[in-house]
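Here are my notes on this model for you to read alongside the picture. Please keep the sequence open as you go.

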Amino acid sequence: MLTQRQVVDYALQRRALLAGVRSGRVGDHEVCDASPYLLRAAKFHGRPDDRACPMCRRTPLTLVSWVYGDELKHVSGSARTPDELARMAGLFGEFTVYDVEVCRTCHWNHLVLSYVLGTGEPQPTRPRRTAGQ
């Protein structure tokens, strides 16, 4: 069981953005701009969502979880599956997860949720080795 802390829901921001698109204040090209990296992450690390894309209304959305944190070192800034998140939550003291919804057809993408996972205890630091050791 993952214990999410410091949860931020971006549903109001999403609703306002979609209202802007529907009214013509925001162009489709401004919101359907997922990068190739994000689309690839959705294909290999994403999980299907039950909601249809709000732009094209044809394709179900895919949720991608991105992780960031100082303790993660080279893993920071990468997409992770729910199983990997559960495993990481037991290993690291604290890291932030950003859930992004992506449409792989029209390239809509939007930040849905952010939260903090981890044990809540800082990882013990190991002394650095130098060339002479």
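1. Buried residues (under 20% relative accessible area; exposed is over 50%, partly exposed in between; 1.4 Å probe, protein chains only) make up 41% of the 133 residues in the protein chain. This is a predicted model: local features need pLDDT of at least 70, side-chain atom pairs count only at pLDDT 80 or more, and totals for chains, interfaces and linings use all residues. Residues are numbered from 1 along each chain as its sequence is written, and side-chain values use heavy atoms, with hydrogens and water left out.

2. The protein chain has 4 helices and 6 strands. Both are DSSP runs, numbered from the N terminus: helices are H or I with at least four residues, strands are E with at least two. Along the sequence the order is β-α-α-α-β-β-β-α-β-β.

3. Take contacts (heavy atoms within 4.5 Å) between residues at least 6 apart in sequence. Of these, 61% join residues at least 24 apart.

4. Look at strand 3 next. It is largely enclosed by the rest of the structure, because 7 of its 9 residues are buried. Which strands pair with it? Two strands pair if DSSP finds at least two bridges between them. Strand 2 (residues 47-52) pairs with strand 3 in the antiparallel sense over 3 bridges. Strand 5 and strand 3 are also antiparallel, over 7 bridges. Strand 4 runs antiparallel to strand 3 and is joined to it by 3 bridges.

5. You can find some of these bridges by residue. Pro-48 has Thr-62 of strand 3 as its bridge partner.

6. Now helix 3 (residues 36-45). Its buried residues are Leu-38, Leu-39, Ala-41 and Ala-42. They lie on the same side of helix 3, because they cover an arc of only 160° around the axis. That arc is taken from the directions from the helix axis to the C-beta atoms. On the other side, Pro-36, Lys-43 and Phe-44 are exposed. The buried residues pack against strand 3 (60-68), strand 4 (78-80), strand 5 (95-102) and strand 6 (109-117).

7. How many disulfides does a search of the whole structure find? It finds 0. A disulfide is a pair of cysteine sulfur atoms within 2.5 Å. The sulfur of Cys-32 has its closest cysteine sulfur in Cys-106, at 3.9 Å, so it is too far for a bond. For Cys-56 the closest is in Cys-103, at 3.7 Å, again too far. Cys-32 is partly exposed at 22% relative accessible area, whereas Cys-56 counts as buried at 18%.
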